[in-house]
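Subject: Structure for your review

Dear colleague,

I am handing over the structure below, and I would be grateful if you could look through it alongside the notes that follow.

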Amino acid sequence: MPTLPDNAVLIPIDMQQAFDAAPWPRRWNEKLDDNGLALLAAWRAAARPIIHVRHDSVEPGSTLRPEAPGNAHRPGFAPQAGEPLVTKSVNAAFIGTDLDLRLRRLGAETVVLFGVSTDMCVSTSVRVGANMGYRVILVEDACDCFDLPDGEGGTIAARDVHRAHVATLRHEFATVLSTADVVAAL
């Protein structure tokens, strides 16, 4: 069982309401919210640091624009007192934000990431975080993604997109654990 240092930081990424409706395609992980909420509850009970990340789109008409209803956190995922919120407008949580500075001030060397979507903002944040020298843990069963067009008239199922991205992240950028593993490590 892996260990988690006391200053490991939990980073929920883009746990926002927009992803439940059009124009977003079908998602696959029905346990996304349950697993994410379990992580938050365990992390809070252990009095460990949490930094929330929210996508504030600058694209016209986006369901993730700050004024759009879909920009809001999913039920139960809003930051609580003392839990900072970092907002971003690109895929990586580290680009154009003060996330790295916040983590360095906490003395964090380990970050634990989950959220939406596995292949976009989560994957990009994992890769950038690892390249910046953080020990990154990806909680794969607390991530979700969407069906994607394959460019040839077909569709790649969301579950397959997820599996492929988790495999590449596991290979070089992150330790991949389940929600149960992370909770047990606390």
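In these notes, two residues are in contact when heavy atoms of theirs lie within 4.5 Å. Helices (DSSP H or I, at least four residues) and strands (E, at least two) are DSSP runs numbered from the N terminus. A residue is called buried under 20% relative accessible area, exposed over 50%, and partly exposed in between, with a 1.4 Å probe and protein chains only.

This is a predicted model, in which local features need pLDDT of at least 70 and side-chain atom pairs count only at pLDDT 80 or more, while totals for chains, interfaces and linings use all residues. Residues are numbered from 1 along each chain as its sequence is written, and side-chain values use heavy atoms, with hydrogens and water left out.

I begin with α1. This helix has 14 residues and reaches 20 Å from its first C-alpha to its last, close to the 20 Å expected at 1.5 Å a residue, where the expected span is 1.5 Å times one less than the number of residues. Its buried residues are Leu32, Asn35, Gly36, Leu39, Leu40, Ala42 and Trp43, and they pack against β1, β2, β4, β5 and α5. Just after α1 comes Ala47, with a positive phi of about 55 degrees; Ala47 belongs to the loop between α1 and β2 (52-55) and is exposed, at a relative accessible area of 69%.

Asp14 also has a positive phi of about 55 degrees although it is not a glycine. Asp14 sits in the loop between β1 (9-13) and α1 (32-45), and it is buried, with a relative accessible area of 1%.

The peptide bond from Val116 to Ser117 is cis, with omega near -5 degrees, and Ser117 is found in the loop between β4 (110-116) and α3. Within α3 itself, the buried residues are Thr118, Asp119, Cys121, Val122, Ser123, Ser125, Val126, Val128 and Gly129, and just after the helix Gly133 takes a positive phi of about 105 degrees.

For helix α4 (residues 158-172), the 15 residues should span 21 Å at 1.5 Å a residue, and the end C-alpha atoms are 22 Å apart, which agrees. Ala158, Val161, His162, Val166 and Leu169 are its buried residues. Seen down the axis of α4, they fall within an arc of 125 degrees, so they line one face of the helix; the arc is that of the directions from the helix axis to the C-beta atoms. The face turned away from this buried side carries the exposed residues Arg163, His171 and Glu172, whereas the cover over the buried residues includes α3 (118-131), β5 (135-144), β6 (148-149), β7 (155-156) and β8 (175-177).

Arg135, in strand β5, is partly exposed at 32% relative accessibility, and it touches Pro2, Thr3, Pro5, Glu109, Thr110 and Val111, not counting residues up to four places away in sequence. Its C-alpha is separated by 6.3 Å from that of Val111, 24 residues apart along the chain. Leu186, in the segment after α5 (179-185), is partly exposed at 29%; with the sequence neighbours up to four places away left out, Leu186 touches Leu4, Ala42, Trp43 and Arg48.

Finally, the largest pocket has a volume of about 360 Å³. Of the 23 residues that line this pocket, the closest to its centre are Phe19, Trp24, Leu64, Asn91 and Met120. By class, the lining has 11 nonpolar, eight polar and four charged residues, and its largest share, three residues, comes from α3.The terms in that paragraph are as follows. On a 1 Å grid over the protein atoms alone, a cavity is a set of points where a 1.4 Å probe fits but cannot get out, and a pocket is an open set with protein on both sides within 12 Å along at least five of seven lines, lining residues being those with an atom within 4 Å of a point. Grid points are joined across faces, edges and corners, and a volume is the space filled by probe spheres set on the points. Ala, Val, Leu, Ile, Met, Phe, Trp, Tyr, Cys and Pro count as nonpolar, Asp, Glu, Lys and Arg as charged, and the others, Gly among them, as polar.

With kind regards
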